[in-house]
Amino acid sequence: MIRVGQGFDVHQFAEGRPLILGGINIPHPRGLAGHSDADVLLHAITDAVLGALAKGDIGTHFPDTDPSYEGADSAVLLQRVWKMAEEKGYALGNLDATVIAQRPKMAPHIPRIRERVADLLKADLSDINIKATTTERLGFTGREEGIAAMAVVCLVTSQS
Ligand SMILES: Nc1ccn([C@@H]2O[C@H](COP(=O)(O)O)[C@@H](O)[C@H]2O)c(=O)n1
Ligand SMILES: C[C@@]1(CO)OP(=O)(O)OP(=O)(O)OC[C@H]1O
């Protein structure tokens, strides 16, 4: 059995916060605002997994009105959702995600993000693709007001 899901998220830049994308810290003058650590890329991936499972979205599972998720590590939230996929007998077929940001330049960080995401999803590196684009200075990402991310995942029935 094959199931496909997609996810999309946006977070606004904020002063005085670290920039965490794909589960790693990225040196940048500003981070992203959010109830959690605001890892917009892991949120998009989490929503894509939930979409493939037909299990709603990240805000339903981890509401931003719940103080226990304040400052939450989005890697832990993704791991909890990934456990749901495993319990249903799925493994990762492949994942493709895009970070939409004018800055920072993502290319130098992508190898480490790929490794981190592969680790979180217990997947082979060759099944994970992370890429980035600017919006050519257009729109809210182009004005560096925030970062958007989108992800598509394919789940396959696990052999084990
Ligand atoms: N934040 C970003 C955005 C883009 N890249 C890399 O640059 C290439 C060209 O981007 P355009 O938006 O001008 O098409 C893109 O394919 C990425 O390789 C990046 O590293 N970080
Ligand atoms: C992750 C959660 C929970 O802390 O909060 P945020 O960091 O604000 O992220 P968002 O993508 O707006 O919504 C999902 C949330 O419920």
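Student: Where is the place of H43?
Tutor: H43 sits in helix α1, residues 40-53. Helices here are DSSP runs of H or I with at least four residues, strands are runs of E with at least two, and both are numbered from the N terminus. The model is predicted, so local features need pLDDT of at least 70 and side-chain atom pairs count only at pLDDT 80 or more, while totals for chains, interfaces and linings use all residues. Residues are numbered from 1 along each chain as its sequence is written, and chains are lettered from A and ligands numbered from 1 in the order in which they are written.

Student: What makes H43 count as buried?
Tutor: A residue is buried if 20 or more other C-beta atoms, placed from the backbone, lie within 10 Å of its own, exposed if 12 or fewer, and partly exposed in between. H43 has 27 such neighbours, so it counts as buried.

Student: How do you know that the span of α1 agrees with its 14 residues?
Tutor: The expected span is 1.5 Å times one less than the number of residues. For α1 this gives 20 Å, and its end C-alpha atoms are 20 Å apart, so the two agree.

Student: Why is α1 called largely enclosed by the rest of the structure?
Tutor: Because 13 of its 14 residues are buried. After α1 comes A54, which has a positive phi, near 55°.

Student: Which residues does UniProt list for "binding site"?
Tutor: The unreviewed entry lists D9, H11 and H43. They are spread over 35 residues of sequence but cluster in space, with a largest C-alpha distance of 10.0 Å. UniProt positions follow the numbering used here, feature names are shortened, and annotations may be inferred rather than shown by experiment.

Student: What makes D9 count as buried?
Tutor: D9 has 24 C-beta neighbours inside 10 Å, so it meets the cut-off for buried. D9 lies in strand β1, residues 2-14.

Student: Which residues is H43 in contact with, leaving aside neighbours within four places in sequence?
Tutor: D9, I58 and S74. Contact requires C-beta atoms, placed from the backbone, within 7 Å of each other. D9, with residues up to four places away not counted, touches V40, H43, A44, D47 and A149.

Terms used: Contact = placed C-beta atoms within 7 Å.
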